[in-house]
Every structure is written in C-alpha cells, then in structure tokens.
Amino acid sequence: MSRETVINWVLGLGLLAVPFIALMQGEPFYITLATRVAILALAGVGLNLALGLGGMVSFGHAAFFGIGGYAAGILATHAFNQEPLLAWPLTVSGSSDMLVIWLVAIAICALVALVIGAITLRTSGVYFIMITLAFAQMIYYFAISWPAYGGEDGLSIYVRNGFPGLNTLDPIQFFLICYAVLMACLFISARLRDSRFGAALQVARQNPDRLAATGIAPFNIRLVAFVISAAMTGLAGALFADLNRFVSPSMLSWHVSGEIMIFVILGGVGRLFGPLAGAALFIVMEFYLGGITEHWQLFLGIILLCVVLFVRGGILGIMAGRRVHA
Amino acid sequence: MPDAAPVLELKGLRKSFGALKATDDVSLDVRPGEIHALIGPNGAGKSTLIHQVAGSLTPDGGEVRFNGADISGLTVAQRVRRGLGRTFQVSSVAPEFSALRNVMLSVQSTQGSSFRFFRPVMRDRSLVDAAMDKLALVDLAERANVVAAELSHGERRQLEMAMALALRPKLLLLDEPMAGMGPEGSKNLTGFLDELRNEVPILLVEHDMEAVFSLADRISVLVYGSVIASGSVDDIRANKDVREAYLGGED
Ligand SMILES: Nc1ncnc2c1ncn2[C@@H]1O[C@H](COP(=O)(O)OP(=O)(O)OP(=O)(O)O)[C@@H](O)[C@H]1O
Ligand SMILES: [Mg+2]
C-alpha cells in the first residue's frame with residue numbers, strides 16, 4: 001500500500017468515526033458537521049474530475065451545486081403540496097424520494113453542463129474561468145428573480161426527503177447516506193482516473209496537442225468529463241438542500257464556486273481524497289476559528305496562499321509526498 | 001516506384017503570417033515506400049508546412065490530399081485516425097506519464113473509442129503488451145516506467161517515435177528527428193528509418209545533411225516558403241541555386 005492509500009483510508013475511516021464518537025459523547029451537533037464535510041467533499045470530488053484530472057478550471061460549479069439543490073427543493077415542495085410539477089401534456093408530480101430526486105438532479109446538471117461545456121470548452125485559460133463564472137452568475141440571477149420558488153428568499157423543505165428503508169430524519173442515518181454517496185463517487189472517480197477515458201483526460205490536461213496527435217479529440221474528452229463532474233457536484237447540491245432543509249440562490253453564488261475550488265486546492269489538485277481533506281480542514285477552521293473571530297477567512301487565505309505557493313500537492317501532497325504515476 | 005499513386009499530395013499550398021509568406025504555393029507528393037526529405041534554411045517554413053499537413057495550422061489556400069482524398073477539412077485527430085502519424089520538432093509527450101503510458105495512449109487510440117470508463121488500463125494486457133513492443137522497437141523498453149519528463153532529450157524523441165509507430169500510420173511526418181540526438185543516436189535513427197520506409201513512407205524534415213543524403217529517395221528544397229528545387233539526391237547536390245541558397249551557407 002502506498003502512503004497515499006494509507007492516508008486515504010485514515011481520512012475515509014476518520015470521517016466515518018466522527019458521528020459515532022459524537023453520539024457517544026452526547027454532542028449530536030458534530031454529526032451535522034461531519035455530514036457537511038461529506039457533502040461538500042462530494043461537491044469537490046465532482047470538481048476535482050474536471051479541474052484535477054482534466055485541467056478545466058471551472059469557476060462555475062456553484063451552478064451545478066445550486067441546480068441540484070433546487071431539484072431537491074422544487075420536487076419536495078410539489079410533493080408536499082400535492083401539486084403536479086407539470087399538468088400538461090403529461091402529469092409529472094413532485095417527489096420526496098431521494099433516489100428520484102438524485103436522478104433528476106444528475107440528469108438536469110448533466111444537461112446544463114453539456115450546454116455550458118459545449119460553449120465554454122472552446123475557450124481556455126482565463127477565458128474559460130470567466131465564462132464558466134458568467135454562466136453560473138446568469139443562473140444565480142435567474143433564481144433570484146424567479147418568484148415561483150421563493151426568489152431571493154429561497155425555498156424550505158418542510159420534511160427531509162426519504163430514502164427507502166431508512167429514517168432520514170435520524171442524523172446518523174442521513175450522515176451514512178451522504179457518506180455512502182461520497183464513497184461511491186470516490187470509487188467511480190478512481191476507476192475513471194485509471195480507465196482509458198481517464199488516461200485521455202489526463203493527457204488533455206498535460207498536453208492537448210499530444211492527445212490530438214494521438215488521434216483523440218481533446219474537446220470531446222473534456223466535455224464528457226465536465227458533464228460527469230457537474231453531475232457529481234449536482235448530487236452534492238441535492239444532499240446539501242436536504243441537510244439544511246432549505247435551498248436558496250446563495251447555493252448558486254460565486255462564493256460557493258470559490259469554496260468548492262478551495263476544497264480541491266487545499267486538499268491537493270487531482271488527488272483522489274484531496275477534496276475530503278480540503279473540505280474537512282475548511283469546516284474545522286470555519287467552526288473553530290469562526291467561533292473566535294469573524295475574520296477566520298483571513299487565516300484560510302493565508303493557508304491557501306502557502307499551499308499554492310509552496311506545496312503544489314496540497315494537504316495530500318504534504319502528507320503523502322509526490323504523486324506516483326504508474 | 002515512381003508510378004505508384006502518391007500517399008500524400010500537396011497542391012498549391014499557401015500560408016501567410018501577416019506579410020510573411022511562410023508557405024508560398026507549395027506542391028509536392030510522397031509516394032509509397034519512399035523517404036521524401038524536405039530541407040531548407042532556418043525559418044524557411046518547413047515546420048509550418050508540416051503543421052498544415054497534420055492539421056494544426058489551416059492553410060490560406062491549396063489542397064492536402066491523403067490517399068486520394070482531400071483532408072483539408074479534417075481536424076488533427078481525424079487525420080491521425082486516417083493514418084497520418086507525426087513527431088514534433090520540439091518533443092511533445094505527456095510529461096507526467098511514464099514512457100509506457102504514453103505509448104499505451106497511442107495503442108488505445110488504434111483500438112477504437114476512448115470512452116471506456118471502468119477498466120483500469122494498467123491491467124489491460126492488450127494495451128501494455130503492444131506498447132512494450134513498440135518501446136522495445138525504439139530501444140526504450142528499459143525505460144518504460146520512467147516518467148516522460150525525466151527522460152533525456154534523445155529518449156523523448158525515441159518515445160515520440162514509438163508513439164507515432166504505435167498508431168500504425170500510413171504516412172509519417174518527422175520534423176527534425178535527429179536534432180539533439182548526438183552522433184551515435186543519429187546513426188542509429190538513420191538505420192532505423194532506412195528500414196522503416198518499407199513499412200511506411202516518410203516526409204522527413206531534417207537539417208542533418210549526412211542523414212538526408214543517405215536516406216532520401218527524393219529531396220525538396222524550401223527557401224522563403226517556396227520549393228526552389230526538387231529531385232533525387234544527385235540532382236540536389238548538383239543544383240546551383242540550392243548550393244547558393246542553402247548548402248553553401250550552412251556548415
Ligand atoms: N504562428 C506563427 N506566427 C507568425 N509567424 C510564424 C508562426 N509560425 C512560424 N512563423 C514564421 O514563419 C517562418 C517559418 O517558420 P517555420 O517554423 O516553419 O520554419 P522552419 O523552416 O521550420 O525553421 P527551423 O529550421 O528553424 O525549424 C518563420 O519566419 C517563422 O518566424
Ligand atoms: Mg522547424
């Protein structure tokens with residue numbers, strides 16, 4: 001086992017242990033904190049596919065996080081009010097079943113990413129960053145000005161959506177759902193990374209001309225990766241809405257895009273478990289330093305700066321050393 | 001075999017960068033079994049021409065025909081899949097991947113779609129074995145697991161050659177493959193290309209005159225974007241314009 005694998009196990013099992021320790025200590029609040037880490041890490045795992053493997057610096061992933069959130073909120077609201085989502089030409093009703101909501105969130109995010117990606121991936125560098133940001137901002141302003149689902153005030157989910165056979169209102173059970181989804185997506189990411197598609201995607205980042213000279217069009221590879229990446233972040237958004245039982249345009253704001261990117265960079269760009277390490281550090285800092293000073297983000301900024309300037313591999317880089325390529 | 005249909009045919013190719021005519025009405029062809037060398041002083045437009053054949057630059061006018069079909073509208077990747085292999089003047093590899101994984105990418109490309117998401121490549125014998133074969137062919141098998149960025153300059157050129165060959169090309173575009181190889185490396189590569197021409201015809205851009213004269217079936221001389229002479233080795237050696245424009249000026 002490589003050192004990185006050991007650290008991945010420690011991170012994975014560590015997160016799993018937190019809620020149970022919290023329960024034994026009678027501090028249920030920490031369960032929510034751990035759930036937050038799992039969900040935000042998942043959002044980062046999504047971005048890491050695009051950013052870490054494919055070199056696509058998307059500054060618009062809040063769009064997918066928010067769309068996932070609204071998918072949960074809107075479906076749940078319609079189910080709660082027993083109003084069909086669509087009455088004609090066919091009746092589509094809302095849903096309070098997480099599995100249905102996840103599928104819808106994934107499908108819509110994939111579709112939106114297909115459109116955004118098809119346009120933005122014709123650009124590169126700073127232009128790509130700015131155009132992905134612009135698209136996300138468009139969706140943000142749309143959500144603010146669309147009164148049907150709460151506009152600026154957002155939308156409450158009165159009862160957390162259900163999962164067959166589980167009681168999602170029990171914090172531990174909801175945590176386990178989020179944790180399982182995170183692990184499943186990490187597993188998928190690992191397989192993607194090592195697959196033919198992953199090889200092409202990584203060369204699209206390292207040297208797109210080489211990829212083309214090998215007969216593989218970088219654009220198509222990147223587009224598919226962007227779509228998968230968006231779907232994962234969208235799934236995280238749906239879970240996040242259920243965690244808070246609330247969704248609002250703030251989930252779509254550029255701050256969120258920035259935060260997801262911070263998880264990835266802090267943890268180590270392109271490292272499988274990087275987003276988990278990054279999200280965990282972020283939440284721990286927010287919780288402890290945020291309790292001491294409002295200006296805790298100043299410390300975050302300093303740490304981020306150090307990571308970017310001195311350790312390119314982020315937290316995983318510090319702990320596991322240079323990445324080994326098979 | 002002068003009568004065989006050409007594999008590659010350039011007709012009236014033109015390309016300008018602002019006022020500079022980098023390719024000025026160039027017509028030439030490459031036939032089966034031959035090495036057609038393209039020589040000319042620095043800045044003559046040799047690489048620019050190769051780029052237009054490969055598809056990484058769009059000509060302002062003219063036509064590129066490959067195996068009888070006009071490929072002017074195809075992208076780089078599409079041309080490669082039709083059988084156009086190339087190496088770059090400055091080696092172009094995936095720097096973070098091992099030599100083996102670089103070549104595996106070429107093999108993967110010949111096996112069809114890269115939209116396969118689940119099976120780990122390193123456990124895929126059909127990729128690993130074929131790639132190792134090509135590495136062995138260019139004498140790089142021992143360095144298979146070395147990251148490309150850590151290979152020496154000459155080794156990276158060998159790697160590029162292995163990657164190009166793994167594509168099973170129908171034509172090879174080689175842009176100064178001898179550059180920086182050292183005398184020993186150049187000699188080996190010359191022998192290698194000499195054999196290779198029987199499998200795949202080559203358009204060879206090269207400054208190393210010794211290699212060019214020993215390898216080329218035909219030579220075209222490019223000066224300021226236009227072909228000033230084209231013919232056999234002896235024709236070119238004897239050509240006055242060439243001596244003045246090029247051979248005389250060089251070391
Ligand atoms: N993208 C570009 N934009 C502007 N000018 C260019 C561009 N690419 C090449 N040139 C110019 O076109 C001319 C031909 O360049 P090219 O690289 O094709 O020459 P070359 O024959 O390959 O030279 P060398 O032997 O040094 O490799 C040069 O004057 C070069 O400066
Ligand atoms: Mg050149």
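User: What coordinates the magnesium ion (ligand 2)?
Analyst: In this predicted model, B:S47 does so through OG and B:Q89 through OE1, at 2.0 to 2.1 Å.

User: Where in chain B do B:S47 and B:Q89 sit?
Analyst: B:S47 is in helix α1 (residues 46–54) of chain B, and B:Q89 is in the loop between β6 (84–87) and α3 (99–110) of chain B. The pair is 42 residues apart and links distant parts of the chain.

User: How does B:Q89 count for accessibility?
Analyst: B:Q89 has 35% relative accessibility, so it counts as partly exposed.

User: And which residues of α1(B) are buried?
Analyst: The buried ones are B:K46, B:S47, B:T48, B:L49, B:I50, B:Q52, B:V53 and B:A54. Because 8 of the 9 residues of α1(B) are buried, the helix is largely enclosed by the rest of the structure. B:S47, the residue that coordinates the magnesium ion with its OG, is one of those buried residues.

User: What comes just after α1(B)?
Analyst: B:G55, with a positive phi of about 100 degrees.

User: Which residues other than glycine have a positive phi?
Analyst: Among them are A:Q82, with phi near 55 degrees, and B:D25, with phi near 55 degrees. A:Q82 is in the loop between α3 (62–81) and β1 (84–86) of chain A, while B:D25 is in strand β2 (residues 20–30) of chain B.

User: Is A:Q82 buried or exposed?
Analyst: Exposed, because its relative accessibility is 73% and the cut-off for exposed is over 50%.

User: Switching to helix packing. How do α4 and α5 of chain B pack?
Analyst: Helix α4 (residues 125–137) and helix α5 (residues 153–166) of chain B pack at about 130 degrees, and their axes are 9 Å apart. That angle makes α4(B) oblique to α5(B).

User: Which residues make the contact?
Analyst: From α4(B), they are B:K134, B:L135 and B:L137; from α5(B), they are B:L159, B:A162, B:L165 and B:A166. By type, 6 are nonpolar, none is polar and 1 is charged.

User: What is the handedness of the crossing of α4(B) and α5(B)?
Analyst: α4(B) passes α5(B) in a right-handed crossing.

User: Now chain A. At what angle do α7 and α9 cross?
Analyst: Helix α7 (residues 196–206) and helix α9 (residues 218–244) of chain A cross at roughly 105 degrees, and their axes come within 9 Å. α7(A) is therefore roughly perpendicular to α9(A).

User: Which residues make that contact?
Analyst: α7(A) supplies A:F197, A:A200, A:L201 and A:A204, and α9(A) supplies A:I221, A:R222, A:V224, A:A225 and A:I228. They divide into 8 nonpolar, no polar and 1 charged.

User: What about A:S229, buried or exposed?
Analyst: A:S229 lies in helix α9 of chain A and counts as buried, at 0% relative accessibility. Leaving out residues up to four places away in sequence, A:S229 touches A:G46, A:L47, A:L49, A:A50 and A:H61.

User: Last one: which helix holds A:L304?
Analyst: Helix α12 (residues 296–310) of chain A. A:L304 is at 18% relative accessibility, and it counts as buried because the cut-off is under 20%.

User: What does A:L304 touch?
Analyst: A:L304 touches A:I262, A:I265 and A:L266, with residues up to four places away in sequence not counted.

User: And how far apart are the C-alpha atoms of A:L304 and A:T5?
Analyst: They are separated by 24 Å, and the two residues are 299 residues apart along the chain.

Definitions and conventions: Residues numbered from 1 in each chain as written. Chains lettered and ligands numbered in written order. Predicted model: local features only at pLDDT ≥ 70, side-chain atom pairs only at ≥ 80, totals over all residues. Heavy atoms only, no water. Donors = N, O, S within 2.8 Å, 3.2 Å for Na, K, Ca; no water. Helix = DSSP H or I, 4+ residues; strand = E, 2+ residues; numbered from the N terminus. Buried < 20%, exposed > 50% of the residue type's maximum accessible area, 1.4 Å probe, protein only. Axes fitted to C-alpha atoms, helices over the stretch in contact; angles between N-to-C directions. Parallel < 35°, antiparallel > 145°, perpendicular 65-115°, else oblique. Left-handed = near helix turned anticlockwise from the far one by under 90°. Contact = heavy atoms within 4.5 Å. Nonpolar A, V, L, I, M, F, W, Y, C, P; charged D, E, K, R; others polar.
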